[in-house]
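Open the model in your viewer and keep the selection panel at hand. The tour goes stop by stop.

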Amino acid sequence: VHAVLEDILERLPEPFDMAELLGKAEERTPYQVVALQECEQMNILTQEIRHSLRELNFGLKVRFLFFFCQGR
């Protein structure tokens, strides 16, 4: 399970640099506004995925340690 978690984390794209994107958008057409909004939403989504996977990984480690310590 740990390997799958690490693989997914590695495959997640880096967040969009919103400051850079906003600087490049000289005029804001409706299509550009929608694209920028989608980039913001994608950043939020990937951040939540990263957070959830790290929490899951932590929980699995704690569970493993719990069972390991009980076996002693």
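Start with Leu-22. Leaving aside its neighbours within four places in sequence, Leu-22 is in contact with Arg-28 and Leu-36. Bear in mind that this is a predicted model. Leu-22 sits in helix α2. Its relative accessible area is 36%, so Leu-22 is partly exposed. Phe-58 and Leu-22 are 36 residues apart along the chain, and their C-alpha atoms are separated by 36 Å.

**Along α3**

Select residues 30-70, which make up α3. This helix has 41 residues. From its first C-alpha to its last it reaches 60 Å, close to the 60 Å expected at 1.5 Å a residue.

Which residues of α3 are buried? Colour Leu-36, Cys-39, Asn-43, Thr-46, Arg-50, Leu-53 and Asn-57. These buried residues pack against α1 and α2.

Zoom in on Asn-43, in helix α3. Its relative accessibility is 14%, under the 20% limit, so Asn-43 counts as buried. Beyond its neighbours within four places in sequence, Asn-43 is in contact with Pro-15, Phe-16 and Met-18.

Next, select Glu-40, also placed in helix α3. Glu-40 is partly exposed, with a relative accessible area of 39%. Glu-40 and Asp-17 are 23 residues apart along the chain, yet their C-alpha atoms are separated by 9.3 Å.

**The nonpolar patch**

Switch to a surface view. Select Val-4, Ile-8, Phe-16, Met-42, Leu-45 and Ile-49. Together they form a nonpolar patch on the surface, with about 490 Å² of accessible area. Two elements give two or more residues to this patch: α1 (2-11) and α3 (30-70). Which of them gives the most? The answer is α3, with 3 residues.

Phe-16 is in the loop between α1 and α2 (18-24). At 41% relative accessibility, Phe-16 counts as partly exposed.

**Salt bridges**

How many salt bridges does a search of the whole structure find? There are 2.

For one, select Arg-11 and Asp-7. Their side chains meet at 3.1 Å, N to O. The two residues are 4 apart in helix α1, so about one helical turn separates them. Arg-11 counts as exposed, at 66% relative accessibility. Asp-7 is partly exposed, with a relative accessible area of 32%.

For the other, select Lys-24 and Glu-20. The closest N and O atoms of this salt bridge are 3.1 Å apart. Here too the residues are 4 apart, this time in helix α2, and about one helical turn separates them. Lys-24 counts as exposed, at 59% relative accessibility. Glu-20 is partly exposed, at 41%.

**The aromatic pair**

Last stop: the aromatic rings. A search of the whole structure finds 1 aromatic pair. Select Phe-66 and Phe-67. Their ring centres are 5.6 Å apart and their planes lie at 70°, so the pair is edge-to-face. Phe-66 is partly exposed, with a relative accessible area of 47%. Phe-67 counts as partly exposed as well, at 48%.

Note on methods. Residues are numbered from 1 along each chain as its sequence is written. This is a predicted model: local features need pLDDT of at least 70, side-chain atom pairs count only at pLDDT 80 or more; totals for chains, interfaces and linings use all residues. Side-chain values use heavy atoms; hydrogens and water are left out. Patches are made of residues with over 30% relative accessible area and no salt bridge: like charges are joined within 9 Å, nonpolar side chains (Val, Leu, Ile, Met, Phe, Trp, Tyr) within 5 Å. Accessible areas come from the Shrake-Rupley method with a 1.4 Å probe; for residues, only the protein chains shown count as cover. A salt bridge is a side-chain nitrogen of Lys or Arg within 4 Å of a carboxyl oxygen of Asp or Glu. Buried means under 20% relative accessible area, exposed over 50%, partly exposed in between (1.4 Å probe, protein chains only). The expected span of a helix is 1.5 Å times one less than its number of residues. Contact means heavy atoms within 4.5 Å. Rings of Phe, Tyr and Trp (its six-membered ring) pair if their centres lie within 6.5 Å; planes under 30 degrees apart count as stacked, over 60 as edge-to-face and the rest as tilted.
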